[in-house]
Amino acid sequence: MALKFPVAVKELAEKLGISPSEIIKKLLGMKIMATINQALTEDTVRKILEVMGVGLERLPTLEEELTQHHEEPDDPKQLKARPPVVTLMGHVDHGKTSLLDAIRKSKVTESESGGITQHIGAYQVHLPKGWITFLDTPGHEAFTAMRARGAHVTDVVILVVAADDGVMPQTIEAIDHARAAEATIVVALNKIDKPEANPEKVKRQLMEQGLMTEDWGGKTVMVPVSARSGQGIDELLEMMLLEAELLELKANPSRPARGIVIEAELSKGGGPAATVLIQNGSLKVGDIVVAGSHYGRVRAMINDHGQRVQDAAPSMPVEILGLAGVPKAGEPFYVVDDERKARELTQQRQDTQRQAGLSAGRKVMSLEEFQNELKAGKVKELNIIVKTDVQGSVEAIKTSMEKLSTDQIQLKILHAGVGAINESDIMLAVASNAIVVGFHVAQTPEAEVLSKEERVDVRLYEIIYEAVGEIRAAMEGLLEPKMQEIFVGRAKVLQVFKLTKAGSVAGCQVVKGKMIRSAAFRLTRGPEKVFEGKISSLKRFKDDVREVGEGLECGIALQGFNDYQPGDLIEAFEIQQVAQKL
Ligand code: GDP
């Protein structure tokens with residue numbers, strides 16, 4: 001049977017000529033609860049069809065149909081150089097925002113006719129030798145958050161380091177985030193107008209981070225600048241263009257556009273306005289686009305000077321009007337040729353989002369999954385982010401972990417730093433499919449929420465040996481899954497009933513959670529554990545029941561146990577296999 005995914009229960013039933021309830025019954029047999037409108041995965045459908053002896057042929061999904069022509073390789077003859085896309089990063093207060101403003105003022109307004117630059121999330125600078133596109137949101141947090149959604153936009157990172165302050169923790173974070181994204185780093189040694197500025201000292205500090213200046217035979221371009229006086233900015237821009245030339249950035253302006261949403265909001269006029277960065281192709285007024293879960297016909301395009309334009313070329317940021325809703329930053333957009341299909345696809349996406357909640361993001365690798373995928377021959381690399389309490393242990397753990405790499409499996413430390421595990425570590429883990437290892441440190445409350453949401457494997461240790469041992473075990477395929485006890489409920493024994501036949505029964509009240517017959521039970525008397533095992537009967541009044549909720553009274557008999565006393569606590573719990581979190 002030829003099917004197009006996603007397929008809903010109802011649709012599948014119609015195709016098979018049976019009633020939806022029959023499918024729901026089959027699904028229940030597979031322990032899947034489904035409603036009639038629920039979309040089924042390919043795996044599930046395959047299983048159902050297998051039982052019925054029907055073969056499955058998967059038709060291209062709507063998305064595949066719509067993006068097919070974007071997958072076709074470019075004709076090399078049509079490829080043209082495109083401007084580099086640049087993000088500024090660095091420690092707080094080192095001058096990222098000032099430098100972005102200084103570049104904008106020195107280049108944009110003077111060269112454009114009366115151009116007051118519009119804030120649309122990005123802007124372009126025109127130089128005699130070429131153009132550069134700057135993203136307006138500095139900092140590695142925003143950069144990595146975009147990357148976590150799968151958006152790779154930045155080619156070059158300008159690392160801003162204040163020459164009077166030097167390399168700071170967030171400088172190192174920024175370097176590691178840029179490296180994880182495989183972006184080229186150009187250093188701006190800022191604030192050289194200050195008397196205490198010492199660019200040579202900063203160069204030495206950067207060398208310790210593996211960035212060697214060209215002056216000393218290294219590969220990294222470092223330019224002394226001042227965002228305040230404007231000194232060095234021309235040189236910085238020129239050097240950036242040279243670096244970009246080495247990257248040979250190319251795109252094909254003569255095909256339909258695709259790219260990334262940089263930012264989006266409801267405009268003053270009330271309609272959705274989205275700034276997009278074109279990554280390949282050209283966007284024209286009148287094109288039909290899909291951006292995340294919204295579609296629309298491009299009604300108007302506005303460039304970074306607030307001017308209306310008819311088309312936009314690769315690496316150019318434009319604000320587009322005409323979408324039916326507001327997409328999210330980092331979502332991909334592409335031009336399609338069928339408005340009806342575009343509407344259908346975005347409707348599907350909205351439905352899936354509603355069903356799955358918003359956190360249905362990409363799945364991040366846990367150490368257990370790494371082990372499984374390694375066994376299946378699917379991965380060859382484990383990415384790790386390390387945080388510790390003191391600098392000394394950063395080095396110690398880096399060295400012992402790096403030693404674990406073998407010819408077959410590469411262990412890559414994306415970032416190692418001092419301090420609590422923060423949100424930016426978690427986003428880096430999502431963006432680069434990494435696990436996070438902490439020594440003598442905890443997660444910040446925000447990071448804890450985020451790591452749960454994004455399902456990042458965060459492992460906390462007290463001893464280096466333990467961490468190294470566990471990762472080695474995973475690499476050798478020997479990591480044991482960890483069992484964890486999940487609290488179900490607690491009941492207090494109020495009264496004991498002696499029954500002649502069946503021994504005794506404890507008359508209880510559920511004080512927290514609930515009692516579930518299928519759970520495991522433990523009876524404690526003060527600090528002492530008296531019994532652990534199964535339940536033989538759970539009664540509400542005279543009836544056997546499956547569960548009893550909080551606040552209610554019930555009769556409990558534990559298997560092979562008779563010695564209840566008023567005041568005893570009976571706790572119900574379940575054992576679950578979990579991704580190890582120590
Ligand atoms: P950000 O946090 O990295 O975006 O840093 P800001 O751009 O907000 O700059 C932090 C502070 O440093 C502000 O008070 C700026 O005025 C100042 N500043 C930035 N660049 C320079 C510079 O080149 N020279 C001097 N003297 N001060 C600067």
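Residues are numbered from 1 along each chain as its sequence is written. Because the model is predicted, local features need pLDDT of at least 70 and side-chain atom pairs count only at pLDDT 80 or more, while totals for chains, interfaces and linings use all residues, and side-chain values use heavy atoms, without hydrogens and water.

**The ligand**

The shell around the ligand has 15 residues, of which Asp93, Lys96, Thr97, Ser98 and Asp193 come nearest; a residue is near if one of its heavy atoms lies within 4 Å of the molecule. By class, the shell has 2 nonpolar, 7 polar and 6 charged residues. Here Ala, Val, Leu, Ile, Met, Phe, Trp, Tyr, Cys and Pro count as nonpolar, Asp, Glu, Lys and Arg as charged, and the others, Gly among them, as polar. Helix α5 (residues 96-111) gives the most to this shell, with 3 residues; helices are DSSP runs (H or I, at least four residues), numbered from the N terminus.

| Residue | Atom of the residue | Distance to a ligand oxygen |
|---|---|---|
| Thr97 | polar side-chain atom | 2.5 Å |
| Lys96 | polar backbone atom | 2.8 Å |
| Asn190 | side-chain N or O atom | 3.1 Å |

Taken alone, the ligand exposes 580 Å², and the protein buries 76% of that; these areas come from the Shrake-Rupley method with a 1.4 Å probe.

**Helix pairs**

Helix α7 (residues 169-180) and helix α13 (residues 423-432) pack at about 10 degrees, with their axes 11 Å apart; axes are lines fitted to C-alpha atoms over the stretch in contact, and angles run from 0 to 180 degrees between N-to-C directions. The two helices are therefore roughly parallel, a term for angles under 35 degrees. Glu173, His177 and Ala180 of α7 meet Ser424, Leu428 and Ser432 of α13, contact being heavy atoms within 4.5 Å.

Helix α11 (residues 367-375) and helix α15 (residues 464-475) pack at about 30 degrees, with their axes 8 Å apart, so α11 is roughly parallel to α15. Their contact includes Phe370 of α11 and Ile471 of α15, and its residues divide into 7 nonpolar, 1 polar and 1 charged.

Technical notes:
Polar contact = N/O pair within 3.5 Å; in protein donor to acceptor, adjacent residues only side chain to side chain. Parallel < 35°, antiparallel > 145°, perpendicular 65-115°, else oblique.
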